[in-house]
Amino acid sequence: MSIEKLARANVRELTPYQSARRLGGKGDVWLNANEYPIAPEFQLTAQTFNRYPECQPAQVIERYAAYAGVKKEQVLVSRGADEGIELLIRAFCEPGKDAILFCPPTYGMYAVSAETFGVERRTVAAKEDWQLDLPAIADSLDNVKLIYVCSPNNPTGNLIDPDDLRSLLELAKGKAIVAVDEAYIEFCPQASVAGWLSDYPHLAILRTLSKAFALAGLRCGFTLANEDLIALLLKVIA
């Protein structure tokens with residue numbers, strides 16, 4: 001008997017995310033990984049690697065909250081921003097019933113994560129200027145529980161118009177969570193929407209230390225959101 005027959009049908013048909021390392025190749029510089037090319041020097045001081053770490057390390061949360069300009073209760077630590085993407089799907093989407101929406105071309109993990117969980121992937125292509133097609137999004141929100149927007153966008157590099165982001169948040173009010181992926185926000189920090197959390201209880205912001213902080217090997221990310229949303233994510237994180 002083939003072991004593959006025991007797997008879920010959607011997993012058998014799944015095309016895995018093609019990361020730079022999975023694609024293979026030779027060399028020391030991986031442009032398609034968007035990695036910082038120089039390894040930073042730092043010293044490890046922890047002497048307790050025999051113990052499991054805290055689920056939500058207080059010192060990390062406090063310092064990142066201060067850096068991001070939010071309250072510590074609005075920060076969740078995850079294993080990279082990719083885990084944050086999955087936590088949102090786990091917490092808000094019913095397989096076979098709900099959908100996520102995103103606007104290609106954009107980061108590939110939104111689609112892979114949804115397919116892994118058996119959640120519908122709905123797309124509304126970006127306009128020719130790479131901005132959001134708001135009328136088309138408005139027509140596509142039936143059963144959508146999560147909307148992912150990457151700004152600055154991967155791979156196009158553009159910022160999403162902040163007026164469009166506010167319009168999207170208004171469209172989604174009472175219907176869906178809007179997750180703004182700010183993995184590259186350190187390259188234009190003035191464009192962050194972290195200051196909007198008090199206005200939008202359905203806003204989540206994804207962050208990472210992998211890019212500008214040159215710490216991809218640590219696999220450390222953050223989700224910024226209001227306390228009620230963070231509390232739900234804490235129910236589904238390992």
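## A buried aspartate and its partner

D98 counts as buried, at 4% relative accessibility (buried means under 20% relative accessible area, exposed over 50%, and partly exposed in between, with a 1.4 Å probe and protein chains only). Its side chain meets that of K145 in a salt bridge, 3.3 Å from N to O; a salt bridge is a side-chain nitrogen of Lys or Arg within 4 Å of a carboxyl oxygen of Asp or Glu. K145 is partly exposed, with a relative accessible area of 31%. K145 lies in strand 4 and D98 in the loop between helix 4 and strand 2, so the pair ties together parts that are 47 residues apart in sequence. Helices (H or I, at least four residues) and strands (E, at least two) are DSSP runs, numbered from the N terminus.

This is a predicted model, in which local features need pLDDT of at least 70 and side-chain atom pairs count only at pLDDT 80 or more, while totals for chains, interfaces and linings use all residues. Residues are numbered from 1 along each chain as its sequence is written, and side-chain values use heavy atoms, with hydrogens and water left out.

## Other salt bridges

A search of the whole structure finds eight salt bridges. One of them joins E83 and R79, with the closest N and O atoms 2.7 Å apart. E83 is buried, at a relative accessible area of 11%, whereas R79 is partly exposed at 45%.

D82 and R219 also form a salt bridge, at 3.8 Å from N to O. This pair links distant parts of the chain: D82 is in helix 4, R219 is in the loop between strand 6 and strand 7, and 137 residues separate them. R219 is partly exposed, with a relative accessible area of 40%.

Seven strands form an open sheet of mixed pairing, in the order 1-7-6-5-4-2-3. Two strands pair if DSSP finds at least two bridges between them. The edge strands, each pairing on one side only, are strand 1 (75–78) and strand 3 (120–123). From one strand to the next, the twist averages 25°; axes are lines fitted to C-alpha atoms, for helices over the stretch in contact, and angles run from 0 to 180 degrees between N-to-C directions.

Four bridges join strand 1 to strand 7 (residues 221–225), and this pairing is antiparallel. Within it, L76 has T223 of strand 7 as its bridge partner. Helix 4 (residues 80–92) packs on the sheet, and strand 1, strand 2, strand 4, strand 5, strand 6 and strand 7 are touched by it; contact means heavy atoms within 4.5 Å. The direction of helix 4 makes about 155° with that of strand 6. Helix 5 (residues 109–116) also packs on the sheet, touching strand 2, strand 3, strand 4 and strand 5, and its direction makes about 170° with that of strand 2.

## Strand 5

Five of the five residues of strand 5 are buried, so this strand is largely enclosed by the rest of the structure. I177, A179 and D181 cover one side, and V178 and V180 the other. In a regular strand the side chains alternate between the two faces of the sheet.

Strand 5 runs parallel to strand 4, joined by five bridges, and I177 is the bridge partner of L146. With strand 6 the pairing is also parallel, over four bridges, and D181 stands opposite L206.
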